[in-house]
Amino acid sequence: MRWSPLGSYLCTFHQKGIALWGGEHFRQIQRFSHQGVQLVDFSPCERYLVTFSPMPVSRSDTGVAESVIVWDVQTGAKKRGFAVDGPAPGWPLLK
């Protein structure tokens, strides 16, 4: 598990992705589907979440295998994915 920078969220790792916990009653508020996630990082203001998995997700429209995905924390929407060649990148990957 990992806390967000401001302590607003706690993310827990699961086989199918990440669960985000928080709010007044501290309940699950978001899920991010990214199988095999090993690394996560939040943007400083907790608006975005970046996940890394050594098991890339293949996009159906382009066929590109994405290992790093940037998510919008509020909506749970996937904003962008990136392919990574080789082992785990230096982390955090994005600033």
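## Overall build

Read along the sequence, the chain follows the pattern β-β-β-β-β-β-β-β. The secondary structure comes to zero helices and eight strands, where helices (H or I, at least four residues) and strands (E, at least two) are DSSP runs numbered from the N terminus. The radius of gyration is 13 Å, close to the 12 Å that the globule rule gives for 95 residues, so the chain is as compact as a globular protein of that length. That radius is taken over C-alpha atoms, and the globule rule is 2.2 Å times the number of residues to the power 0.38. Along its principal axes the C-alpha trace spans about 40 × 25 × 20 Å.

This is a predicted model, in which local features need pLDDT of at least 70 and side-chain atom pairs count only at pLDDT 80 or more, while totals for chains, interfaces and linings use all residues. Residues are numbered from 1 along each chain as its sequence is written, and side-chain values use heavy atoms, with hydrogens and water left out.

## Strand pairing

Strands of a sheet pair through backbone hydrogen bonds, either parallel or antiparallel. Here two strands pair if DSSP finds at least two bridges between them. An open sheet of four strands has the order S1-S2-S3-S4, with antiparallel pairing. Its edge strands are S1 (2–3) and S4 (27–33), each of which pairs on one side only. S3 and S4 are joined over six bridges in the antiparallel sense, and tryptophan 21 has glutamine 28 in S4 as its bridge partner.

Further along, S6 and S7 pair in the antiparallel sense over seven bridges. S7 also pairs with strand S8 (residues 78–82), again antiparallel, over four bridges. Valine 68 in S7 is opposite phenylalanine 52, and valine 68 also stands opposite phenylalanine 82 in S8. The hairpin of S7 and S8 has five residues between the strands, and glycine 76 there takes a positive phi near 80°.

## Buried residues and cores

Of the 95 residues, 39% count as buried; buried means under 20% relative accessible area, exposed over 50%, and partly exposed in between (1.4 Å probe, protein chains only). S7 is mostly covered, with seven of its eight residues buried. A nonpolar core is a set of buried Ala, Val, Leu, Ile, Met, Phe, Trp, Tyr and Cys residues joined through side-chain atoms within 4.5 Å. The largest such core has twelve residues, among them Ile18, Phe32, Leu49, Ile69 and Trp71. Strands S2 (9–14), S3 (17–22), S5 (39–42) and S7 (65–72) each give two or more residues to this core. A second, separate core of five residues includes Val50, Phe52, Val68 and Val84.

Threonine 51 lies in strand S6 (residues 48–58) and is buried, with a relative accessible area of 0%. Its side chain makes a polar contact of 2.7 Å with that of histidine 34. A polar contact is a pair of N or O atoms within 3.5 Å; within protein, one must be able to donate a hydrogen and the other to accept it, and residues adjacent in sequence count only if both atoms are side-chain atoms.

## An aromatic pair

Rings of Phe, Tyr and Trp (its six-membered ring) pair if their centres lie within 6.5 Å; planes under 30 degrees apart count as stacked, over 60 as edge-to-face and the rest as tilted. The count comes to three aromatic pairs. The rings of tryptophan 3 and phenylalanine 26 have centres 6.3 Å apart and planes at 40°, so this pair is tilted. Tryptophan 3 lies in strand S1 and phenylalanine 26 in the loop between S3 and S4, so the pair ties together parts that are 23 residues apart in sequence.
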